[in-house]
Structure formats: structure tokens, C-alpha cells
Amino acid sequence: MQSWYSIFPKNPWLSIYAWVIFCFLPFFFIFRSSSGIQIFIGITMLVLFFLSYRFSFKSKSGLVYMWISFEMVINIVMTLLFGFVYFSLFTAFFIGNIRNTAGFFIIYGIHIATTIAAIVLGFFIEIDLFLSQLPFILVSLIGVVLLPFNLYNRNKRENLEGQLEVANERISELIIFEERQRIARDLHDTLGQKLSLIGLKSDLAGKLISINSEQAKKELHDIRQTASTALKEVRELVQDMRAMKLEDELIRIKQILKAAEMELTIEGNPSFKGITPIVENVLSMCLKEAVTNVVKHSYGTECHISFEHTSKYFVITVRDNGIGIARDGETLPGNGLDGIRERLEFVNGSLHIEGGEGTMLSIRVPVILKHIIRE
């Protein structure tokens, strides 16, 4: 349910100026009356209507329908006493925000019926007053009929879009989980047996080295062969994995920051020379998580990303001009920074955080790792 002040919506079916007119228009109809009692009744009805309108947005139970009924009664009174039918548009706007399908159609039908009945009865009571504003009454009736449906369908569409987004996120999580499970199974099948064999043969070689050196050498040779085979299979497994490149991730990051209305500046070349697929994979995931934290928690307007390739490190720095970060992000909601640290630990990398005026995250992975993996 929207807030009560949503009678001034950001993208209104009627412009904000029309709503302002409808707020002040009742005074014209009320002060047309020469009777002080009628003026008092009109102002009282006006105050009660807006109070009930506000309470209807605040209510979360069946009281909503009570306040709507109260608004309908006031609308009938204002129509019959002063010829003011335009409160029906306010009520129509609120009805369009009712999420319960059955409640929407019941209240929607009652509102149309009571509005039409009050107008018809008003023509019999004071026909000249109603004839003078007949075009505006017809426009109001059209609004009473169309406005609730317009808002109801829009809210329903937004709700479905929200559910679709949640479903897509869930599917992405399941895909990641399934991929992790697959990798775990492949690693177990690939390395489990061979590492167990290496362990057994290492124990055997240790016992034979002082008893039968030739047999010990043979066992060590078998260990070397088994390790080479295991390493070859791991390389094949890594090659089969879909590598996330920094350049591709940077395209998605630009889209995220553009949607968040944050200015992005990039320094350096994301195409690190000689980087291994597994290290680039880890850096891509860490960069994505770092930028996500900037969008969610920094409340900044600018994001600067720099790429640096030194003789010892691959370095990515993410800096924003937001509210800063305290205690190295220990109080930050979620586990984004922990996830970055865990991924970097896998490739002997490190994460350095600086707070103050904005936040700077420095991600480092040693270049030497590429030689270890390729051996």
C-alpha cells in the first residue's frame, strides 16, 4: 500500500496541479452557501474526509474498508449539500491501491454505484447547479471508472515484476549452487583418489628409504607420475569452466552504476597480461562484489575503478565518494567483504580497506601465482 501522501504521485494519472485544485475546490462550493451552519458542516466534512483518507492509507486490516465506506458517505453528503462530486476521485485513487482482488472489485462496484446515485439524486435536488458543471461531472465519472483499474493493473504489474526479479535471483543462486556442486564432484572424482594414493605411497616410500632404496625410488617415481596426472586433469577441469573476464564484468558494472545514477571513471587496462583464467575469475567476482557494496551502502555519486599490473601484483582499486566505512567494514550489513576475502585467500590475494571521506577497496593478487599454476 502506498503512503497517504501518494495523492500526489510521481507519475500521476492526473497531474499534481489537478490534485491541488481538487484539494482547494471544496472551499468554493462550501462558501457559496449563505448559511453559517452549512459552511460549518462543509468544513467539518472536508476535515473528516482528509483525516479518514490518511487513516485509510495507514490501516493494514479490515479497518481499511471502514475508512473507505466513511469516505463514500462524506462524498455523498458533499454531493447532495454542495454539489461537490470530486472527492470521489480521491477515493477512486485509493481503491486502485487495494491489493486484495475480491476487496478491490467489491469496493470498486460500490463506489461507482454510490457516486452515480448521488449525482442522479443531486440533479433532482438542484438541477441548475449540476447542469452548470455537467462536463466536469462527466470527466469525474470517467475518472471514477478508469482510475482504479489503471492503478490496480499498474500495481499488479509492478508486483509481478518484483516476483519475477526475486525468481531470477533465486534461479541465479541455484545455478551457482549447482555449479559449485558440480565442481566439487569433479574435484573429488579427479583428485580424491589420486591424493589418497599419493599419501599412501609417500608413507610407504618413507618406510622403504632405509630398507630398500630402489623400491623407495620406484614409489617416489609413481608419486611424481600420479601428481602429474592429477595436475593435468585439474587443468582440463579449469579450462572447461566458464571464465569470467574482467572486460566482460566491467560492461555489467557500467550498467549497474548507470542504473544507480553514479558517475564512473576507469583508470588503467583491465586486460592483465599473462593472468590465468582462475585468477581473472576470482578478480572479476571480487570486483563485482565491491561495486555492489558501493551501490548499496556508500550513498555516493561517484565511483572510480583503477587497474594496475606491477611486477609483483595484479591490483584493482575501487573508490567512492560516499559516507565512508568504519572498522574495515565489520559493521557492514551482509557478508560481501567476507566473500571477497575468502575468494582472494584461495589465490593468495589480499583485501585492503580505507575509510574516511568515501571508501577505498584495494584488491591484490600476486603475479607469482601464475607460475605456480602452470608448473
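Is Lys218 buried, exposed or partly exposed? Here are some friendly notes to read beside the structure, which is a predicted model.

1. Lys218 counts as partly exposed, because its relative accessibility is 46% and partly exposed covers the values between under 20% (buried) and over 50% (exposed). Keep this residue in view, as the next two points return to it.

2. A search through the whole structure turns up four salt bridges. One of them joins Lys218 to Asp222, with 3.6 Å between the closest N and O atoms.

3. Now look at where that pair sits. Helix 8, residues 213-240, holds both Lys218 and Asp222. The two are four residues apart, about one turn of the helix.

4. Next, find Lys245 and Glu280, whose side chains meet in a salt bridge at 3.9 Å, N to O. Lys245 belongs to the loop between helix 8 and helix 9 (246-259), while Glu280 is part of helix 10 (residues 277-298), so this pair ties together parts that lie 35 residues apart in sequence.

5. How do the two partners in that bridge stand in terms of accessible area? Lys245 is partly exposed, with a relative accessible area of 41%. Glu280 is buried, because its relative accessible area is 11%, and buried means under 20%.

6. Finally, turn to helix 11 (residues 336-346), where you will find both Asp338 and Arg341. These residues form a salt bridge, their closest N and O atoms being 3.7 Å apart. They are three residues apart, about one turn of the helix. Asp338 is partly exposed at 43% relative accessibility, and Arg341 is partly exposed with a relative accessible area of 32%.

Methods
Residues numbered from 1 in each chain as written. Predicted model: local features only at pLDDT ≥ 70, side-chain atom pairs only at ≥ 80, totals over all residues. Heavy atoms only, no water. Buried < 20%, exposed > 50% of the residue type's maximum accessible area, 1.4 Å probe, protein only.
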